[in-house]
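Dear colleague,

Please find below the structure that I am handing over to you. My notes on it follow directly after.

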Amino acid sequence: MSLQHRRRAAAGRLRGIVLVAFSFFAVLAASGGSAAAASDLPLPSAIETPADSWVVLPMGQTGSLVNTFWQLLRAAPGSSQWSVVTPQGVADNGGLVAAAGVTTASTTVGFLPSQSLRFSPLSVTTDAGRTWSPAFLPGALAARPDALASGPGRSLAIVGSAVLQQPSNSPSWSRLVTLAALQRLAPQCAATALDAVAMTPTGAILVGAACHGHLGLFSASGGKWRLDGAPLPGEWRDASTTILRLQASNTQTTAVATATKGSHHALFALSQSRSGGWHASAPLPIGAGATVLASAVDFGGALSVLVGSKESESVDQITPAGSWVTLPAPPRGAVGLAWVVPATTSFGATTLDAFTVVGGTDLHVFALTPGGGKWAGAQTLQVPLPYGSSS
Amino acid sequence: MPGMGRALQTGNPTIVSSFHSALLHQLLIILLVAAVCAIGFNVVRTIQWRRLKEHGLLSFPLPARAATPEPLARRVVRIGFAALWILDGLLQIQSGMPLGLTSGVVQPAAATSPSWVQHVVNSGVTIWSNHPVEAAAAAVWIQLGIGIWLLVAPRGRWSRLAGLASVGWGLVVWVFGEAFGGIFAPGLTWMFGAPGAVLFYCVGGLLVALPEHAFSTPRLGRIIVRAGGIFLLGMAVLQAWPGRGYWQGRDGNLSAMVQQMAQTPQPHLFSSWLGSFGSFVQAHGWGVNLFVVIALAGVGALLVSRRRELVRGGLVAFVVLSLADWMLVEDLGFLGGVGTDPNSMIPMALVLVTGYLAMFRLPVPLSVGEEATAGAAATEQGASDAGPGAAIEGPAGAAPATGASGGWWDRVTLSYLLRSVAAVAALAVVLVGAAPMAVAAVNRNADPILSEALNGTPNAVDTPAPPFTLTDQYGQSVSLSQLRGHVVALTFLDPVCTSDCPLIAQEFRQTDQRLGDQSRQVDFVAVVANPIYRSVSFTREFDQQEGLTHLTNWYYLTGSLSALERVWANYGVEVSTVANGAMVAHSDLAFVIDSLGRQRDALITDPGPTQVFASSFSSLLLSQIDQFLNT
């Protein structure tokens, strides 16, 4: 090889090295971080019986799961004065699920697993939260607002991919139905998860499931299961659905479904007719970047949801006609909603309360004024939290 | 009380004292090895002297052929990195190293790297965290040993081996200690030490490990200098790349780094320099970055050029730039109590200076006559470099050997012998650190010292264990007296606890496994420590959760509230409910009860903030149980 050739080859090698080196640095320069995954938290939720109003709210350092202490609050009929009745004995930083008895005065609370605890202790009160008794559930309760139900003769719980039942006179739980069984029963529904359970005062069992193309609402009668949910109307016909809430009372059985189609999301309020079929409301579109933060179901079927985005929160309520109406904007940073039962002596309707938490421990209650014109401060509660006690 | 997030401080007296004690013990071993080497050297010298005398020789042989002095470039890189390794070894003696190195240096270095890098780094972090005393002591002796080895073995096989040792250990430190020098992290910049100081130690070691003739032509130097130039050009591109946070002053990466370094504990003078520079960067961040980009590109271009004056100019500029960065951005690297080395600027400058010397200051061969007068400057050439029949170098100025023509043994020179013995001693220093660390590294359980550092040493007692009769997880009645004849490890667990109790249960399970066949002589007993959730359903579910159901010697006992309260009181365990969503608070205690039913040890079982402490407690419990087996 001539000297010139050698020089040219050496220059070529050098250019190659420089090119490779620059490409390497360019790739390094362009590399970036990755986004964090979203967590699956139970929604703050409220239930109402003729005797009590209950609400589950997150408090504490909500940016840190370990130091988010969920609280159960109760209000007596006709009053927006809430008291903390969180059962003791278990760390509740995994979340709480509350279920009121349809025909009894009992309320059951399930502790969602957190950290190293992988099953869900239960606690039951029959005296409006003054005293609690421990109860056992084998396994981890699903992180859904209505994963527990209590009705005539038995209790229900969603554990993994099964609905468990416990007869009132037995401490043992047994399997009632599985997701696989529901999938076989209704292949058109293509159920992917169990979302909610409920019992009617007559003992009928309802199960809500995440489905595709159908509303995943099942019921059991005489040991036989059937799919009651129909496809959603209109453009949402092929949407993926979940059952966010499922509540039954003497007068009404109500559900809330979420529907997702591509990047579009909507909420539907559902009410069950006497024949067992479900009627869907008009959709409530959920804007991009917004999420459902909380929901409250009234035993008469009234329903409201708190929807929040980075910028603001809004409260929407379903009307008897099945359309959604937006209420005045809730106080900034609202974390929950609850219906308040009217006092038995009054002729008033249920009223709606909103909750905010300031500094993790100061709970502020706001009541929607009777005309529905604004939110007025009703109560402030200091809830001391033992940070670090669950880590 | 459980789960209050206690953590060990880097200056924990138990760990520090154990670290110092380990260093002292190892120093004594090293002194012993040194003494043996000295004696060995004298014995060999005497034997050799007698053999030579028998052959009619009056002195040790001298080199029989002309040799070259050690190339200047090689000497610079060898002595330079020897000094750096020794400095690093001395820095490793700092008290904060056993507990502070991983949390204060290694994990932050890996924090912004991709998950696979963090995974790799964590495997090293786990070993260090499990055995902090052995690991920290190992780092001291390995680094001191390599430094000494590089110094005492100037040439030949021993010297090249020292270079390889430097490469090997350097790679270990680069991967596990520096997270690959942060080259996979998004904020990579020359200014903060990329591509990692120890990578330059590896380059230095590699240069020492090369055959000496590699320094006889300018090729090696050209490669080093040109590679350095290309690297700096690449770093200039990276520094100039928009959107990486270096063009902005306020809230930019550079000002953040400088401000962070200013927080490091250090003399006021240094922190005030950094503070002033940080303010300057905040005000003129764009200009500072422009200067850095131009300087790096300029120096890189000069180094890539082949002309001596340009390369020299580039080198001088680089040294000045490096020193400025070293003082104003890297904050000298070794301050703050857990600084492990002077960071990247000094070793990088050393490599480039070596490259320059290897390029332009080639070794000149010596004649035999010159060699005699060159004396000590002409350092020893090892056996591998000596030609056939050549003597392996002896003291300068001695009479040339004439009759030593047997095997290599007859040609060994006194200085070669001395340096070989010194190299062996240096290798021994490395091994004194590496051997216990290697043994510890294969033990996946953390040392008991961690648990003792967190919870104190077990409290030795000798009193009758308070009796109890409770119900086990299967509904059977179990009393302590039934377990007589076995050693009992007793603790108190909340079956619905979310944090500590499951970890403590795992510690017990681990201890049971580690006991092997001896576990037949031991019973592990837990008593429920929750006044509300205390039914057999919960203890059984807890066992299921923790994988304890298959242990035949595991009893999780419960009973009526009054029965439990009696046991809690007898063993000094406090249990109380906490309102508003917290778990039950209870004392984390364990007791070792011997086979005669006497309480012998009380231990705090707080599993600490990480899994490391859990296996550490298991080691501690194992050692405590072991004392009472077969007694």
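A residue is counted as buried here if 20 or more other C-beta atoms lie within 10 Å of its own. By that criterion, 49% of the 391 residues in chain A are buried. Please bear in mind that this is a predicted model.

Chain A contains 29 strands and two helices. Among its contacts with a separation of 6 or more, 46% are between residues 24 or more positions apart.

The largest nonpolar core comprises 291 residues, and those touching the most other members are Leu141(A), Val197(A), Trp149(B) and Ala489(B). The element that gives the most to this core is helix 5 (residues 132-152) of chain B, with 16 residues. As for Val197(A), its contacts beyond the neighbours within four places in sequence include Leu156(A), Ile158(A), Val163(A), Leu206(A), Val207(A) and Leu246(A). Asp146(A), Ala147(A) and Ala149(A) are also in contact with Val197(A).

Helix 8 (residues 219-240) of chain B packs against helix 10 (residues 268-304) of chain B at an angle of about 155°, and their axes are 7 Å apart. Angles over 145 degrees count as roughly antiparallel, so helix 8 of chain B is roughly antiparallel to helix 10 of chain B. The crossing of these two helices is left-handed. On the side of helix 8 of chain B, the residues that meet helix 10 of chain B include Val225(B), Ile230(B), Leu233(B) and Ala236(B); their counterparts in helix 10 of chain B include Val292(B), Leu296(B), Val299(B) and Leu303(B). By class, this contact has 15 nonpolar, five polar and one charged residues.

Yours sincerely

Technical notes
Residues numbered from 1 in each chain as written. Chains lettered and ligands numbered in written order. Predicted model: local features only at pLDDT ≥ 70, side-chain atom pairs only at ≥ 80, totals over all residues. Axes fitted to C-alpha atoms, helices over the stretch in contact; angles between N-to-C directions. Helix = DSSP H or I, 4+ residues; strand = E, 2+ residues; numbered from the N terminus. Parallel < 35°, antiparallel > 145°, perpendicular 65-115°, else oblique. Left-handed = near helix turned anticlockwise from the far one by under 90°. Contact = placed C-beta atoms within 7 Å. Nonpolar A, V, L, I, M, F, W, Y, C, P; charged D, E, K, R; others polar. Buried ≥ 20, exposed ≤ 12 C-beta atoms within 10 Å, placed from the backbone. Core = buried A, V, L, I, M, F, W, Y, C linked by C-beta atoms within 7 Å.
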